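Here is a two-chain model to walk through together. Keep the sequence and the 3D view open while you read.

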Amino acid sequence: MNCSDCRDGLLLHFNQAETLPAEILHHLQSCGECRHLYEQLEVIGGRLGDNADFMPDGLTEDEFVAAVERRIDRLEPSRVTWIGWRRYLPVAAAILLVLGITLVGYRQVRIGYNGGNAKETAEVYDQGSLLWALYDTEAEEIDDDVFDLILSDFVTKGYFEAGELLLDDLTEEELQYLEENLDVRGIL
Amino acid sequence: MVTPIDKALDELVTKAKAGDKAAFSEIVRKLMKPVVALSYRMTREQESAVDLAQETFLSAWQNLKSFRGDSRFESWLFAIVTNKTLNHLRSRASQPTDRIDEHLPDPVDASDPERDLVQKQLREDVLEFMASLPEQQRLVFDLRFYQQMKFEEIAEFTGKAPGTVKTHYREAVRKLRAFATGKGWH
């Protein structure tokens, strides 16, 4: 072994003299310079101290362990009590209030948009349809399912029937007036 | 070779995995020094080192079931504290704050002032040397010198090749020798 390899080995096994390979130990016996480096490193290793020398000032084991235990305890789910729940009551009440206002508002908007009065809405769309049978004439409102059926019926079949009904209802004079005065090309 | 201490620790780990908090507290007591010290030598901040060490044990408790025993428990713990400490150093680097303890006065222990002075000087010298090393060299040096980990173990949890780890260590010791010469240690 040459000196370069020996020094590399000494650096690598710094503070681990017991793990020094036999060939390094053999080289140290015959090389004063490498032996000097080895002794130097031994002194340096002794100056570096150990983990106990790096404990922060004033920190005791008991305090540290207790602090970790407290942090672990905070992770555990606490028992829910009525007193514990009470602090959430104002938040729960506020959420319910907001939800209530939102739902009422949403319902008013949907019904109001289609004529305000449920009975009028149903009459406008299709008096002869199944929807009318679903509609309770005594009620002031229709529920969402019935409303959806009315809308769907109007958009498809009911819409065209409504159009036909409109033309059928015109008198002969009104039709003649339209034929003479309706400027279709102008409208287009 | 399994030493009696390792065996006792293994038993504590087994109990802690079963939910035994007292056993875990005993683990904390046994291993707090190397964990706190590692973080302290890396950060040079006493308060942060203690906090990071506590967080390490907290994470260990929460993730104890994921420890399968493929490596030593201490190595697993050092991996956690290393990650937390490196994250802390990186977040500190991005913030222009100065919390290094060398600027703070140390509490004085009146029981043995001379011994305290020597110990304080030693600590400051070592912390100064550690701070002079690049992050990876500092970590490898600490894990090898102070935590007595094998190069293969260090390579495993730093994700580096064993050869790279050895190069880092050799380089750190070379710098240590130069530092020690400057300080007149020998």
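This is a predicted model: local features need pLDDT of at least 70, side-chain atom pairs count only at pLDDT 80 or more; totals for chains, interfaces and linings use all residues.

Residues are numbered from 1 along each chain as its sequence is written, while chains are lettered from A and ligands numbered from 1 in the order in which they are written.

For pLDDT (the predictor's confidence in each residue, from 0 to 100), chain B has a mean of 85, with 86% of its residues at 70 or more. Chain A has a mean of 74, and 59% of its residues reach 70 or more. One stretch to treat with care is residues 99-108 of chain B, where pLDDT stays under 50. The model has 13 contacts beyond four places in sequence for that stretch; a contact here is two residues whose C-beta atoms, placed from the backbone, lie within 7 Å.

Now the folds. Helices (H or I, at least four residues) and strands (E, at least two) are DSSP runs, numbered from the N terminus. Chain A has 11 helices and zero strands, and chain B has eight helices and zero strands. A residue is called buried if 20 or more other C-beta atoms, placed from the backbone, lie within 10 Å of its own, exposed if 12 or fewer, and partly exposed in between. Buried residues make up 15% of the 188 residues in chain A, and 31% of the 186 residues of chain B. In chain A, 46% of the contacts between residues at least 6 apart in sequence join residues at least 24 apart. In chain B, residues 24 or more positions apart account for 61% of the contacts with a separation of 6 or more.

Zoom in on helix α3 of chain A, residues 32-47. At 1.5 Å a residue, its 16 residues should span 22 Å, and the end C-alpha atoms are 23 Å apart, which agrees; the expected span is 1.5 Å times one less than the number of residues. Which residues of α3(A) are buried? They are A:Cys34, A:Tyr38, A:Leu41 and A:Ile44. Seen down the helix axis, these buried residues fall within an arc of 125 degrees, so they line one face of α3(A); the arc is that of the directions from the axis to the C-beta atoms. What covers them includes α1 (3-12) and α2 (22-30) of chain A, together with α8 (162-183) of chain B. The face of α3(A) turned away from its buried side carries the exposed residues A:Gly32, A:His36, A:Glu39, A:Val43 and A:Gly46. Just after the helix, A:Gly49 takes a positive phi of about 70 degrees.

Back in α8 of chain B, look for B:Glu171. With 17 C-beta neighbours inside 10 Å, B:Glu171 counts as partly exposed. B:Glu171 and B:Phe141 are 30 residues apart in sequence and 9.4 Å apart in space, C-alpha to C-alpha.

Most residues other than glycine have a negative phi. Yet phi of A:Asn15 is near 65 degrees, in the loop between α1 and α2 of chain A. Likewise, phi of B:Arg44 is near 60 degrees, in the loop between α2 and α3 of chain B. B:Arg44 counts as partly exposed, with 18 C-beta neighbours inside 10 Å.
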